[in-house]
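Hello,

Here is the structure I promised to pass on. Please open it first, then read my notes below.

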Amino acid sequence: MEFEACKVLQEAEISMEVLKIRELVRKANQCGMSITDYTIRRAIKQGKLPCRKLDRTYLIPWKLFVRWILCEDDCDNPVFLENRRK
C-alpha cells in the first residue's frame, strides 16, 4: 500500500489537474482511495482541503487533494490524538 501511495503522490506532483468534487471522488476511487463527495465537501467546509469556488462549483487541484489525503501537513485527526493521550 505504501508503494501505491508514493506512486499516486509522484503523479500528483507532476499533475496540474483541477477537478470538480465528483470528478475528484471518481479519480480517487479509481486510485484505490475510498472516499465520498460528502467527505470532500465536509473537508472543504472545515477549511482542511483548499479549493477554489467559482459560482456554485468547487475546483480542487489533484495535487493538493493527494497531499491532504496522505496527511503531509501532519495535522491528521487531532481529536483522535487528544483522546489517545488520556
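The structure holds zero disulfides (a disulfide is a pair of cysteine sulfur atoms within 2.5 Å). Cys-31 counts as partly exposed, because its relative accessibility is 28%. Cys-71 is also partly exposed, at 24%. On this scale, buried means under 20% relative accessible area, exposed over 50%, and partly exposed in between (1.4 Å probe, protein chains only).

This is a predicted model: local features need pLDDT of at least 70, side-chain atom pairs count only at pLDDT 80 or more, and totals for chains, interfaces and linings use all residues. Residues are numbered from 1 along each chain as its sequence is written, and side-chain values use heavy atoms, with hydrogens and water left out.

Now helix 4, residues 62-69. Helices (H or I, at least four residues) and strands (E, at least two) are DSSP runs, numbered from the N terminus. The buried residues of helix 4 are Trp-62, Phe-65, Val-66 and Trp-68. They sit on the same side of the helix, because they cover an arc of only 160 degrees around the axis. That arc is taken from the directions from the helix axis to the C-beta atoms. Just after helix 4, Cys-71 takes a positive phi of about 60 degrees.

Asp-55 also has a positive phi of about 60 degrees, although it is not a glycine. Asp-55 lies in the loop between strand 2 (52-54) and strand 3 (57-61). Asp-55 is exposed, with a relative accessible area of 70%.

Last, Leu-49. Leaving aside neighbours within four places in sequence, its contacts (heavy atoms within 4.5 Å) include Ile-40, Ile-60, Phe-65 and Trp-68.

Best wishes
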